[in-house]
Amino acid sequence: QVQLVESGGDLVQAGGSLRLSCAASGSIFRVNDMGWYRQAPGKQRELVAGITRGGSVDYVDSVKGRFTISRDNATNTVYLQMTSLKPEDTALYYCYAKILVTRWYENNYWGQGTQVTVSS
């Protein structure tokens with residue numbers, strides 16, 4: 001079994017910062033891509049940021065220059081540093097990971113979500 005456990009969501013004022021963390025644990029051969037999605041009420045889930053095992057990153061345009069994704073391969077943890085937060089960043093943030101559970105079998109896993117609320 002594989003679990004992704006997120007933490008770091010909170011209520012913050014506009015202009016503030018938060019750091020989200022997500023740790024993968026369980027029967028893992030190797031963690032490949034990791035990243036963060038978010039879903040605001042009444043909106044579709046969108047990819048916020050992704051990072052490959054080698055460290056290549058990608059961001060949705062709306063967070064470029066404000067959010068930074070990073071990871072620690074030794075602990076199978078991905079982070080999302082969020083700065084200059086805006087009310088439109090308010091959403092439930094989900095961690096995801098593509099994980100090899102054996103040398104030959106990869107599956108996608110999701111965290112339970114952590115709420116980020118930005119007040120104006």
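**Close-up views of a predicted model**

**View 1. Charged side chains over tyrosine rings.** Arg19 is placed over the face of Tyr79, 4.0 Å from the ring centre, where a charge counts as over a ring if NZ of Lys or CZ of Arg is within 6 Å of the ring centre and within 35 degrees of the ring normal. The charged end of Arg45 likewise sits over the ring of Tyr94, at 4.0 Å from its centre. This is a predicted model, in which local features need pLDDT of at least 70 and side-chain atom pairs count only at pLDDT 80 or more, while totals for chains, interfaces and linings use all residues. Residues are numbered from 1 along each chain as its sequence is written, and side-chain values use heavy atoms, with hydrogens and water left out.

**View 2. An aromatic cluster of Tyr37, Tyr96 and Trp110.** The whole structure contains 3 aromatic pairs (ring centres of Phe, Tyr or the six-membered ring of Trp within 6.5 Å; planes under 30 degrees apart are stacked, over 60 edge-to-face, the rest tilted). Tyr96 and Trp110 make a tilted pair, with 5.9 Å centre to centre and 45° between the planes. Tyr96 counts as buried because its relative accessibility is 12%, whereas Trp110, at 40%, counts as partly exposed (buried is under 20% relative accessible area, exposed over 50%, partly exposed in between, with a 1.4 Å probe and protein chains only).

**View 3. An open, antiparallel sheet of 4 strands in the order S1-S3-S8-S7.** Strands are DSSP runs of E of at least two residues, numbered from the N terminus, and two of them pair if DSSP finds at least two bridges between them. Strand S3 (residues 18–26) and strand S8 (residues 77–82) pair in the antiparallel sense over 6 bridges, with Ala23 opposite Thr77 in S8.
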